[in-house]
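Let's go through this one by asking what backs up each label. Here is the sequence with its structure.

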Amino acid sequence: MARHAGKVAFITGAARGMGRAHAVKLAGEGADIIALDVCGSFESTDYPGSSADDLAMTVHLVENQGRRIIARQADVRDPDAVAQVVAAGVAEFGRIDIVIANAGIIRLTESDNRAQVFKDVVDVNLTGAWNTVEAALPTMIAGERGGAIVLASSTAGIRASGTDRPGLQAYAASKRGLVALMQGWASDLARHSIRVNTIHPSGVATDMIINETTIGLAQEADPWLGTQRNALPIALLQPEQIANAVAWLVSEEAEFITGVAWPLDAGFGIRTY
């Protein structure tokens, strides 16, 4: 029997990148998927956002695994919109067993509107994760089957790099904030057998990283980029590698693991600059 047969996973930021990889991996192991993505760009970021076509491709790839999927466009900053997506998924599938709060944004370059950039990044990455879990918890608790929640943090959530750029400051602060949320939820929800962990990847080959802005910074030999190296000879991790690890973390094989900040970083954290 497939490892996640009969389960339902709620995944944000599911149109592309790691979110899509999580959806396809879990579907391949038997789970049905509730997928959410904003399918749009943010003025505060410096790379193109996802599209409705991206989300449609996620639907196609999940269905190719023989699983069902409910996919909706919504902004994780809007708690009512997130709750509506959850309600649609629960109406269709009747349960939620897994939550992966994956939606996130960053800005690598400087901005003329520093305060707005900082606010937007924190609102999506931190408040959006809270809205995601808050919307799913009543169904998970009522189901009395336990469950697993994963918050997608970053190596920046463990060790922030020195910079005055507001997008990077906000990214690190929001990703560190996820650790505090995780620890609080892990303690509170243990009585319901709901496990909560954070993952901390280093650079992953997604549209957030592979875009014209990052290529431009590389060509300029940007000092910040020079600090973003893994110890292992792996320049960038692949979304599927992260999804493989998370599929194990949310499985019964890891039913004793909660409250953990798990580096998935090719040795990034052991490097000294």
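## Labels and what backs them up

β5 is mostly covered, with 6 of its 6 residues buried. Buried here means under 20% relative accessible area, exposed means over 50%, and partly exposed is in between (1.4 Å probe, protein chains only). This is a predicted model, where local features need pLDDT of at least 70 and side-chain atom pairs count only at pLDDT 80 or more, while totals for chains, interfaces and linings use all residues. Residues are numbered from 1 along each chain as its sequence is written, and side-chain values use heavy atoms, with hydrogens and water left out.

Q: What makes both faces of β5 count as covered?
A: On one side G147, I149 and L151 are buried, and on the other A148, V150 and A152 are buried too. In a regular strand, side chains alternate between the two faces of the sheet.

Q: How do you know that β4 and β5 are paired?
A: Two strands pair if DSSP finds at least two bridges between them. Strand β4 (residues 98-101) and strand β5 (residues 147-152) are joined by 4 bridges and run parallel, so they pair. I100 has V150 in β5 as its bridge partner, and I98 stands opposite A148. The strand names come from DSSP: strands are E runs of at least two residues and helices are H or I runs of at least four, numbered from the N terminus.

Q: What is the strand order in the sheet, and why do β3 and β7 stand at the edges?
A: The open sheet has 7 strands in the order β3-β2-β1-β4-β5-β6-β7, with parallel pairing. β3 (69-73) and β7 (261-264) each have a single partner strand, so one side of each is left without a neighbour in the sheet. From one strand to the next, the twist averages 15 degrees. Axes for such angles are lines fitted to C-alpha atoms, for helices over the stretch in contact, and angles run from 0 to 180 degrees between N-to-C directions.

Q: Which strands does helix α1 lie across?
A: Helix α1 (residues 17-28) lies across β1 (8-12), β2 (32-37), β4 and β6 (194-201), running at about 170 degrees to β1. Helix α4 (residues 114-143) also packs on the sheet: α4 touches β1, β4, β5 and β6, and its direction makes about 175 degrees with that of β4. Contact means heavy atoms within 4.5 Å.

Q: Why is the K119 and D123 pair called a salt bridge?
A: The rule asks for a side-chain nitrogen of Lys or Arg within 4 Å of a carboxyl oxygen of Asp or Glu. K119 and D123 meet at 2.6 Å, N to O, so the pair qualifies. Both lie in helix α4, 4 residues apart, about one turn of the helix. K119 is partly exposed at 46%, whereas D123 is buried at 19%. Elsewhere, salt bridges that share partners join R3, K25, E29 and E253 into one network. By this rule the count comes to 13 salt bridges.

Q: What makes a set of residues a nonpolar core?
A: The members are buried Ala, Val, Leu, Ile, Met, Phe, Trp, Tyr and Cys residues joined through side-chain atoms within 4.5 Å. The largest such core here has 49 residues, of which F10, I96, V99, I149 and L151 touch the most other members. A second, separate core of 34 residues includes A9, L55, V59 and I199.
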